[in-house]
Amino acid sequence: MTYRRSRIHIIARPERGTAVRDHAQSTRLRRSTAATALLACAALLAGCTSDSGEAGARSARSGANRPAAKPTPTWDPRPSSIASVGDSISRGFDACSVLSDCPEASWSTGMDVDSLARQLLPNPQRRTWNYAKTGAVMADLPAQISAATAKRPELVTVLIGANDACQDTVAQMTPVADFRADFAASLSALRRTLPKTQVYVASVPDLKRLWSEGRKDAVRRQVWKLGICPSMLRDAQSTHERANERRDQVHQRVRDYNQVLREECAKVVLCRYDKAVHDYRFTSDELSKWDWFHPSKEGQQKLAALAYTEITRRDGSA
């Protein structure tokens with residue numbers, strides 16, 4: 001029997017020490033790469049933080065250089081001077097004698113009644129001025145305001161608008177847009193010249209209520225036929241549909257005027273609108289016995305009392 005010698009192939013294995021070295025080198029490489037990444041992120045974060053800090057510092061410096069906002073002026077319930085503007089009501093028309101102005105009985109500046117000036121001012125005779133005009137409409141207000149500002153009053157009282165509605169016909173009543181434009185222009189002119197002067201704006205009286213209260217009185221109806229506020233008071237006894245429609249249109253126009261007064265006054269600092277005048281029900285004793293339309297001395301004093309309540313109100317509520 002012949003024997004063949006077997007060939008044995010031996011595969012060489014790496015030594016253990018070599019494998020450990022390779023593994024260690026790989027681990028160090030991974031750790032180095034991770035460390036590099038972390039350093040890069042840290043650098044980026046530091047840069048962002050630095051930029052934000054500088055921006056914040058710049059913003060703070062800018063804010064420090066910005067002038068402080070001026071405080072909003074507050075209402076003074078005790079002004080030291082008053083100027084009155086408006087129409088015949090503020091002139092005391094028919095309060096003392098027939099068809100005559102009586103500014104001494106004016107609710108705003110009069111000395112013969114317990115007027116607003118007498119209630120508020122320590123020296124009312126020297127610190128009051130009345131620029132109201134009998135028959136004035138809103139278009140006349142800018143000129144009155146211009147005259148009043150020359151005296152630099154601390155308070156201006158405004159009562160105007162009845163004549164804008166009291167026309168011969170409904171069509172002749174002052175358009176609401178024109179009424180607004182003249183009133184806004186008056187307030188703007190006053191504020192430009194006297195930024196700290198306070199303004200009291202009385203609402204237009206309720207003409208329809210005046211008709212409703214007096215229409216059953218024969219004497220009043222006869223007096224009204226002389227031409228007093230014909231758009232509302234003409235044919236006072238008539239309940240015809242066209243007469244009622246005419247009165248409703250006048251009533252709505254007065255409401256529109258009061259809305260304008262309220263809105264425009266609200267746009268101006270140190271301006272107060274008083275709806276109480278429109279809401280008030282004047283009694284027979286508070287109306288002139290010569291026309292049953294304008295306030296008597298008693299009515300003038302009631303207007304002064306309403307104004308005093310509003311002007312001396314210390315809070316900011318409407």
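Trainee: Is Asn258 buried or exposed in this model?

Mentor: Buried means under 20% relative accessible area, exposed over 50%, and partly exposed in between, with a 1.4 Å probe and protein chains only. At 7% relative accessibility, Asn258 counts as buried. Keep in mind that this is a predicted model, in which local features need pLDDT of at least 70 and side-chain atom pairs pLDDT 80 or more, while totals for chains, interfaces and linings use all residues. Residues are numbered from 1 along each chain as its sequence is written, and side-chain values use heavy atoms, leaving out hydrogens and water.

Trainee: Where does Asn258 sit, and which residues does Asn258 touch?

Mentor: Helices (H or I, at least four residues) and strands (E, at least two) are DSSP runs, numbered from the N terminus. Asn258 belongs to helix 9. Contact means heavy atoms within 4.5 Å. Not counting residues up to four places away in sequence, Asn258 touches Ser203, Val204, Tyr273 and His278.

Trainee: How do I read a nonpolar core?

Mentor: In soluble globular proteins, nonpolar side chains tend to be buried together. A core here is a set of buried Ala, Val, Leu, Ile, Met, Phe, Trp, Tyr and Cys residues joined through side-chain atoms within 4.5 Å. The largest one has 66 residues, and Trp107, Val158, Val201 and Leu207 have the most contacts inside it. Its largest share, six residues, comes from helix 9 (residues 241-266).

Trainee: And how many aromatic pairs are there?

Mentor: Rings of Phe, Tyr and Trp (its six-membered ring) pair if their centres lie within 6.5 Å; planes under 30 degrees apart count as stacked, over 60 as edge-to-face and the rest as tilted. That rule gives three aromatic pairs. Phe179 and Tyr257 have ring centres 4.1 Å apart and planes at 10 degrees, so they are stacked. Because Phe179 lies in helix 5 (residues 176-193) and Tyr257 in helix 9, their pair ties together parts 78 residues apart in sequence. Both Phe179 and Tyr257 are buried. Tyr280 and Phe282 are edge-to-face, 5.0 Å centre to centre with 85 degrees between the planes.

Trainee: What about helix packing?

Mentor: Two packed helices are described by the angle between their axes and the distance between the axes. Axes are lines fitted to C-alpha atoms, for helices over the stretch in contact, and angles run from 0 to 180 degrees between N-to-C directions. The axes of helix 6 (residues 207-214) and helix 9 come within 8 Å and cross at roughly 140 degrees. Angles under 35 degrees count as roughly parallel, over 145 as roughly antiparallel, 65 to 115 as roughly perpendicular and the rest as oblique, so helix 6 is oblique to helix 9.
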